[in-house]
Amino acid sequence: MLPQHMTATPLPFDPHEGAFLRALCATALDAGARIMQHYKNGVEAEEKSDKSPVTQADRDAEALIERALTALAPNVQMIGEEACSERVPDTLAPHFFLVDPLDGTRDFVAKRKDFTVNIGLISGTKPVAGVIYAPVHEKLYFSGTDSAFMLPIAPDATLDMTRAKALRVPPFPDNGLGVLASRSHRDKKTDALIKRLHVRDVIPAASSYKFCLLAEGRADLYPRHGRTMEWDTAAGHAILNAAGGIVTCEDGAPLEYGKLERALDNPSFIAAAHANWQDALRIN
């Protein structure tokens, strides 16, 4: 028998209905504004049990998001990174939010630009909606039914969803792939894949912002080997899917969510603007 969260229970609402989606976007924007207060005032990083950094900005943003999601969708479970640093939930509901309140804490502490706020909605094992806000870049990304969207907006600005630009991935490039390589977690397997591909650029980036660059058509491929958590990828996965891209495991199977047997960590994966990205592999 499948776990309850893997059953085909339909969502009781449309996650891309205007008022709901606007509320998700407003929540990410509010969290970004709170984070930027810390960014400007200075922060001290602490070390969690897994040796990753955490700051008061992470905690404040998660508390803000939890309050907002509880009011917006009280019957939908929320799973946040900071809560899970204490304990991963024992069970999952059929539908749940995956929240990384400050993805890219190392970049945040170092006063770099690519950190983000991530809110992803999972139904069963699949990402069905996502919002990412990159406060230093002043860009808000969100999924739609037929495309993803990007809205240039400062953290303290009034949210006007009508100004958002629709995003669909461009055609497969004939001059080589733009490959995203994690600034903090690049490894030998990623380098080996890059050597096998026809590559025009290797683009350093951090956090879930890499998914946004794929959705915008500013890059073509993001291979990730090594550990990531489900809250790192859920929102970006939903946004990239909406823009026409894909996220798969190394064997080509879809990346799925709710992997309690793995304590909600991900296997290695490939995020791509083009399902046929392997057409760029060099023939030896």
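Predicted model: local features only at pLDDT ≥ 70, side-chain atom pairs only at ≥ 80, totals over all residues.

Let's start inside. The largest nonpolar core has 39 residues, and the members touching the most others are Ile79, Leu98, Tyr141 and Ala271. Several elements supply at least two residues each to this core: the strands β4 (95-103), β6 (126-134), β8 (148-152), β14 (246-249) and β16 (269-272), along with the helices α6 (209-215) and α7 (230-243). Helix α7 gives the largest share, seven residues.

Leaving aside residues up to four places away in sequence, Ala271 touches Phe211, Leu214, Asp220, Leu221, Tyr222, Leu240, Ile246 and Val247. There is also a second, separate core of 36 residues, with Leu11, Leu29, Val76 and Leu151 among them.

Now for the backbone angles. Lys51, in the loop between β1 (46-47) and β2 (53-54), has a phi near 75 degrees, which is positive although the residue is not glycine. Its relative accessibility is 57%, so Lys51 counts as exposed, being over 50%. Ser207 sits in the loop that links β11 (199-205) and α6, and its phi, near 60 degrees, is likewise a positive value in a residue other than glycine. Ser207, however, counts as buried because its relative accessibility is 13%, under 20%.

Key:
Residues numbered from 1 in each chain as written. Heavy atoms only, no water. Core = buried A, V, L, I, M, F, W, Y, C linked by side-chain atoms within 4.5 Å. Buried < 20%, exposed > 50% of the residue type's maximum accessible area, 1.4 Å probe, protein only. Helix = DSSP H or I, 4+ residues; strand = E, 2+ residues; numbered from the N terminus. Contact = heavy atoms within 4.5 Å.
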